Amino acid sequence: MFRSVAICYDHDVSCCGRFQFPTMSEVDAEEHLDYSAGNIVIKFSATWCVPCRNAAPLFAELSLKHSDLAFVSVDVDELPELVTEFDIRATPTFIFMRDKKEIDKLVGGNQADLEKKFDPYCEQKD
């Protein structure tokens, strides 16, 4: 589904003091994100970004709590075409999608703000 820089958080989570996630196999540029999952939360981050690293454990925890959502992490340095597609201007940026449409966005690593974003997102029913 994803290039090796995109990490899907709803698969085989193992833990040894830190969360470790498997990487997905490389695919064509048009197949980076599999929108068929329905509800997706995408985290755009970078390895050099301290706020991104600080937000990573909460993002992993939320992925376990909200198993009905697909969680994806994209390294902005490895997938610049997705950065352009989603108009990412800062890291971390969290994009909330439903039915292939962006329904919400959070820029920054404030953990309280990130947690608050999930309540209305999960309650919305179309």
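The model is predicted, so to speak of local features a pLDDT of at least 70 is needed, side-chain atom pairs count only at pLDDT 80 or more, and totals for chains, interfaces and linings use all residues. Residues are numbered from 1 along each chain as its sequence is written, and side-chain values use heavy atoms, with hydrogens and water left out.

Let us start with the cysteines. A disulfide is a covalent bond between the sulfur atoms of two cysteines; here the term is given to a pair of cysteine sulfur atoms within 2.5 Å. The structure holds one disulfide, and its partners are Cys49 and Cys52, with an S to S distance of 2.5 Å. The torsion about the S-S bond of Cys49 and Cys52 is about 75 degrees, so this disulfide is right-handed. Both Cys49 and Cys52 are buried, where buried means under 20% relative accessible area, exposed over 50%, and partly exposed in between, with a 1.4 Å probe and protein chains only.

Next come the cores. In soluble globular proteins, nonpolar side chains tend to be buried together. A nonpolar core is here a set of buried Ala, Val, Leu, Ile, Met, Phe, Trp, Tyr and Cys residues joined through side-chain atoms within 4.5 Å. The largest one has 17 residues, of which Ile42, Phe44, Val74, Phe86 and Ile95 touch the most other members. Two or more residues of this core come from each of strand S4 (39–45), strand S5 (70–75), helix H2 (80–85) and strand S6 (93–98); helices (H or I, at least four residues) and strands (E, at least two) are DSSP runs, numbered from the N terminus. A second, separate core has 12 residues, including Ala55, Leu58, Leu106 and Leu114.

Now for the rings. Rings of Phe, Tyr and Trp (its six-membered ring) pair if their centres lie within 6.5 Å; planes under 30 degrees apart count as stacked, over 60 as edge-to-face and the rest as tilted. By this rule there are five aromatic pairs. Phe44 and Phe86 make a tilted one, 5.5 Å centre to centre with 50 degrees between the planes. Phe44 lies in strand S4 and Phe86 in the loop between H2 and S6, so the pair ties together parts 42 residues apart in sequence. Both Phe44 and Phe86 are buried.

Phe59 and Phe94 have ring centres 5.8 Å apart and planes at 45 degrees, so this pair is tilted. Phe59 sits in helix H1 (residues 50–65) and Phe94 in strand S6, 35 residues apart.
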